[in-house]
Amino acid sequence: MFGLSARDTRFLLIVIALTLLTPILLQPFPEGSSLAQFNAGYPDLMQKFAIFGIFAIGFNILFGLTGYLSFGHAAFLGVGSYTVVWMYKLLGYNVLPGLLLSVVISAAFALLIGFISLRRSGIYFSILTLAFAQMSYNLAYSVLTPITNGETGLQVYASDPQILAGSGAPTSPHLFGLVMRNSAQVDLGGWVFTFNVGYYFCAVMAILAFYISLRIFRSPFGMMLRAIKTNQTRMNYTGLNSRPYTLAAFVISGMYAGLAGGLLAAMDPLAGAERMQWTASGEVVLMTILGGAGTLMGPVLGAGFIKYFENIFSKINDGILHGWFAFLPDGLEDFIVACFHPFVGKGWHLTLGILFMLVVIFLPGGLVEGMQRIWRLVRRRKSGGPKRKDPEHRPTAAPHMAE
Amino acid sequence: MDAIILQILNGLDKGSAYALIALGLTLIFGTLGVVNFAHGALFMIGAFCAVTMQRLLSLSYEEIDPTRTDFLGNPLKVEVPYVEHWFGPDLGGAIVDWSVPLGILLAIPVMIGLGFAMERGLIKHFYKRPHADQILVTFGLAIVLQEIIKYFFGANPIQTGAPSAFSGSFDFGTLLGFDPNVIIYPYWRMVYFLFSLVIIGGVFAFLQFTTFGMVVRAGMADRETVGLLGIDIDRRFTLMFGLAAAVAGLAGVMYTPILAPNYHMGMDFLVLSFVVVVVGGMGSLPGAVLAGFLLGILQSFASMNEVKSLIPGIDQVIIYLVAIVILLTRPRGLMGRKGVMED
């Protein structure tokens, strides 16, 4: 189905089901219980899951497949946001024209930056993209203030023309009348589920983005990108010019980033330059690596993981910790709370940094690799002891001379 | 003319910081072949060594001063730093006043120790992994170091003053025959520039004139052959990592009076220092120093009002523009060797 093999179709269907059921799945604890703070099923956070999922999926098409580590992808995120807010200002609050244009404009940007940056590889490529992104960030703060509104951030004012907005049009982002911030709340026993229009809009976009990336991964084009990652020199020796392929990957991932930036502005009609700062580029790198670069699901997992931590873990303060460890004797309780204190609340970045280092050191394949390892371990347990890998004694290839 | 001299002077102190950080980065890259994204964090930790030193020296206790009274007529309680108590108000006061330069004493062992720990504990395991992995793990380390500092010192910048002897400005123009008050330059920035020259000179002399430095240079050129000659090059490279960390730390210590240290200053300097290294040429020590000063001066020229009115926004992007042009036209950098990471 959809031009995919049976296995991939099943995979895609599972992803679609998970995405659509997110508001229920992320709300596992009943309202009012002490664990309710771990619920992530509120619209703002779910939208971020979907949006940064798209961002990371796009980044993965570049980094995961070709191995080119870009440190400047946030520039496209910012461009996308600015475009959408400008479309609000000029045309009206319908998100569609803005999103389409944000993809087009970020593609143009990516084409320009990629054309120059991809003339170098390795660390030089990283530094070139970093330089371009920092340039855009600095310019957005200084000279381009008429376009970006500088530090205040770009927003819609009552005096803006909004030529397409009719008299009865909603006064916040909407898609042909479907207002993004509207949501339906369903009370089921102790549970409250919020079904938000904006989230479902982002979810549909994310599913589309995921489908396209799945197709790219399985296509000859994806195979070519992987070949470039494995050994670009050899590719060149076979008479193949790899630059059009890497450039295409760069532009596609730039478009993804532009779409994600546009969606950010579609959920909340604001755009600020801090979205282009290099720490934002670093964040998407973190997401992709943490989840598992080069895998389909990894970047989405990483994005969800980081956004969840950012919003939930950072809310755990000393009071909550004391609540958890209240069963312990007083001195021990204080000691344990003091031990946890630097890692939660405002210090969650420390936890993230440590986690990221551990993943890079021990699990280069990210969380996905970790899960696969656990899965393999469990399966081996079930089937009773380790099996011999090759019961039929097939001949093995001789090791390479250099190994 | 006076404007040009002023801009050159203004560029020197920032250029000195770039040059020192880039020098350390290049030392690490040249010896160990590792791209160290945590180097900015080392600079930042150096700056916080100065803050720690200042706090240590101004540790004080309360004492009743019988000669003075507060507004109610009670004897006045005054805070007396222990240092003043031990060494008397004159010498003790001077020590408190000079806490930033004295921070060097703290920074050297701390930074060398940190450098050793980093190299032996972490970087060592990444020599054979791709550059992307090295960037990523040191990037993660930078986040961790930064957050630890934030935990202990808070998120706000901490003012640390220069010794009062250097607090004023120097009328540089009168030396060159200009009118007074045309070219004035803060004393501390001049001290910083001279300090960086001393450090840079020291590092080069160490590499050029000692046996140890000769072995290290040989190892930079051809690691395997030096190893085959029976020299434990790994141990020396570890020492070089400690040295590079110390250089970054000292640059940070002395920079505190110019810029109040905050926990993310390292990241801000890191990005620019990488650009400096690339412009100078990966693995070229003189290139890093030259490019550091050049880019610092270039940046201060670009922030002149005359230039800004001609090309708006140039001051924000000039360094990056230079880097892009250099990378595209001469990828090995100003003084890089041919073939070192040129692709």
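# Exercises on helices and contacts in a predicted model

The buried residues of helix H7 of chain B are Trp188(B), Met190(B), Val191(B), Tyr192(B), Phe193(B), Phe195(B), Ser196(B), Ile199(B), Ile200(B), Val203(B) and Leu207(B). Buried means under 20% relative accessible area, exposed over 50%, and partly exposed in between (1.4 Å probe, protein chains only).

The model is predicted, so local features need pLDDT of at least 70 and side-chain atom pairs count only at pLDDT 80 or more, while totals for chains, interfaces and linings use all residues. Residues are numbered from 1 along each chain as its sequence is written, chains are lettered from A and ligands numbered from 1 in the order in which they are written, and side-chain values use heavy atoms, with hydrogens and water left out.

**Exercise 1.** State what H7(B) reaches from its first C-alpha to its last, and what is expected.

Solution. Helices (H or I, at least four residues) and strands (E, at least two) are DSSP runs, numbered from the N terminus. H7(B) covers residues 187-209, which is 23 residues.

**Exercise 2.** Describe the packing of H2(B) and H10(B).

Solution. Two packed helices are described by the angle between their axes and the distance between the axes. Axes are lines fitted to C-alpha atoms, for helices over the stretch in contact, and angles run from 0 to 180 degrees between N-to-C directions.
- Helix H2 (residues 39-57) and helix H10 (residues 233-255), both of chain B, have axes that come within 6 Å and cross at roughly 50 degrees.
- That makes H2(B) oblique to H10(B); angles under 35 degrees count as roughly parallel, over 145 as roughly antiparallel, 65 to 115 as roughly perpendicular and the rest as oblique.
- The crossing is right-handed; a crossing is left-handed if the near helix is turned anticlockwise from the far one by less than a right angle, and right-handed if clockwise.
- Residues of H2(B) that meet H10(B) include His39(B), Leu42(B) and Phe43(B). Contact means heavy atoms within 4.5 Å.
- By class, this contact of H2(B) with H10(B) has 11 nonpolar, four polar and no charged residues. Ala, Val, Leu, Ile, Met, Phe, Trp, Tyr, Cys and Pro count as nonpolar, Asp, Glu, Lys and Arg as charged, and the others, Gly among them, as polar.

**Exercise 3.** Describe the packing of H11(B) and H12(B).

Solution. Helix H11 (residues 265-280) and helix H12 (residues 285-302) of chain B pack at about 120 degrees, with axes 8 Å apart. That makes H11(B) oblique to H12(B). Their crossing is right-handed. The contact has six nonpolar, three polar and no charged residues.

**Exercise 4.** Is Ser126(A) buried or exposed, and which residues does it contact?

Solution. Ser126(A) lies in helix H5 (residues 122-141) of chain A. Its relative accessibility is 3%, so Ser126(A) counts as buried. Leaving aside neighbours within four places in sequence, Ser126(A) is in contact with Leu69(A), Phe71(A) and Ile135(B).

**Exercise 5.** Is Lys77(B) buried or exposed?

Solution. Lys77(B) sits in strand E2 (residues 75-81) of chain B. At 56% relative accessibility, Lys77(B) counts as exposed. Its C-alpha atom is separated by 6.2 Å from that of Glu62(B), 15 residues apart along the chain.

Methods. The expected span of a helix is 1.5 Å times one less than its number of residues.
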